[in-house]
Amino acid sequence: MKVTLLGTGTPTPRVSSFSASTLIEAGPEKLLFDFGRGSTIRLFQKRVALGAITAHFITHLHSDHLVGLPDMWLSGWIGTPWASRKAPMIVFGPKGTVAMTENLTKAFAEDIRIREDDEHLPPEGVAFAAKDIEPGPVYDKNGVKVTAIEVNHGEKIKPSFGYVIEYDGKKVVLSGDTKYDERIANAAKGADLLVHEVAVIEPELSKSYPSYREIEAHHSSPEEAGKIFSMAGPKLAVYSHIVFATLKPVQDVPEDMLIARTKTTYRGPFVVGHDLDSFTIGDDVQGADAKNQPIQPLRSDP
């Protein structure tokens with residue numbers, strides 16, 4: 001299995017970290033989890049054809065996890081070497097997913113009409129095969145199994161899912177957006193890789209922009225994420241969807257505080273993820289950054 005972080009950021013329009021999206025390659029399957037801003041660009045950088053994605057999964061219906069969906073859908077249909085989807089786009093997500101795909105089809109009806117007539121693109125390639133899912137098994141093909149787990153992203157954001165992906169005795173868990181939730185730790189026991197969100201918000205920012213209090217309440221602090229890592233005991237834990245907000249906006253996320261706070265509750269190996277980091281899972285987990293340089297996990301052994 002190979003896991004690539006396509007977007008490790010948030011709605012903040014940082015150049016270095018696009019919003020949430022993760023690619024998992026297992027056997028012949030290429031699975032995409034969430035459609036954050038720029039996910040098509042990251043796939044192009046990794047030389048993965050948009051039309052080659054075999055199934056797509058949504059954690060929840062917040063816009064920063066979805067804004068790339070129209071791009072993935074329509075650009076992936078174009079008849080080029082980097083796209084050329086010829087079959088319906090398979091999408092699994094929480095209640096509202098099917099309705100969203102139906103309304104997107106209506107919204108882009110004129111573009112679809114033009115391209116079918118002018119470029120002779122196959123209508124099957126722009127169709128959706130979408131399904132609203134519940135917690136439990138949602139995908140099983142070519143030995144790859146995907147299970148949705150419900151997570152706690154707040155009382156008003158239901159349902160919200162994490163995912164467990166299993167193949168050839170290997171297991172990857174994606175937390176999705178979540179507050180502290182021991183269901184993730186239970187699902188990730190024995191996992192090779194646990195990809196988990198985290199949030200650090202400057203108190204002064206919340207005073208000026210009160211909505212950040214609600215945002216912070218919907219996510220996990222570094223200490224809380226560290227507790228989940230400790231309970232789960234994965235071979236490697238990785239931070240992605242890193243919510244970092246300061247009163248004075250910064251382009252890059254300062255990592256020292258995030259690392260130090262995590263180490264107060266977790267002493268195992270972990271990585272602060274960056275866009276285009278990839279993790280290959282064999283007998284152990286090997287990481288490489290965007291320049292294909294090895295990633296050395298952080299840890300704080302007793």
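His 241 is buried because its relative accessibility is 6%; buried means under 20% relative accessible area, exposed over 50%, and partly exposed in between, with a 1.4 Å probe and protein chains only. His 241 sits in strand β12 (residues 236–245). Helices (H or I, at least four residues) and strands (E, at least two) are DSSP runs, numbered from the N terminus. Phi of His 241 is near 50°, positive in a residue other than glycine.

This is a predicted model, in which local features need pLDDT of at least 70, side-chain atom pairs count only at pLDDT 80 or more, and totals for chains, interfaces and linings use all residues. Residues are numbered from 1 along each chain as its sequence is written, and side-chain values use heavy atoms, with hydrogens and water left out.

Asn 292 also has a positive phi, near 65°. Its place is the loop between β15 (285–288) and β16 (294–295). Asn 292 is exposed, because its relative accessibility is 61%. Most residues other than glycine have a negative phi, and most peptide bonds are trans. The bond joining Lys 158 and Pro 159 is cis, with omega about -10°. Pro 159 belongs to the loop between β8 (144–150) and β9 (161–167).

Val 91 lies in strand β5 (residues 89–93). Its relative accessible area is 0%, so Val 91 is buried. Beyond neighbours within four places in sequence, Val 91 contacts His 56, Ile 58, Thr 97, Phe 128, Ala 129, Ala 130 and Lys 131. Contact means heavy atoms within 4.5 Å. From Val 91 to Leu 104 is 13 residues in sequence and 13 Å in space, C-alpha to C-alpha.

Thr 40 is part of helix α1 (residues 39–45). Thr 40 counts as buried at 10% relative accessibility. With neighbours within four places in sequence set aside, Thr 40 touches Leu 50, Asp 71 and Met 72.

## A negative surface patch

Glu 116, Asp 117, Asp 118 and Glu 124 form a patch of negative charge on the surface. Patch residues have over 30% relative accessible area and no salt bridge; like charges are joined within 9 Å, and nonpolar side chains (Val, Leu, Ile, Met, Phe, Trp, Tyr) within 5 Å. A salt bridge is a side-chain nitrogen of Lys or Arg within 4 Å of a carboxyl oxygen of Asp or Glu.

Asp 118 lies in helix α4 (residues 109–118). Asp 118 is exposed, because its relative accessibility is 55%.

Note on methods:
Accessible areas come from the Shrake-Rupley method with a 1.4 Å probe; for residues, only the protein chains shown count as cover. Lys and Arg count as positive and Asp and Glu as negative; His and the chain ends are not counted. The place of a charge is taken as NZ of Lys, CZ of Arg, CG of Asp or CD of Glu.
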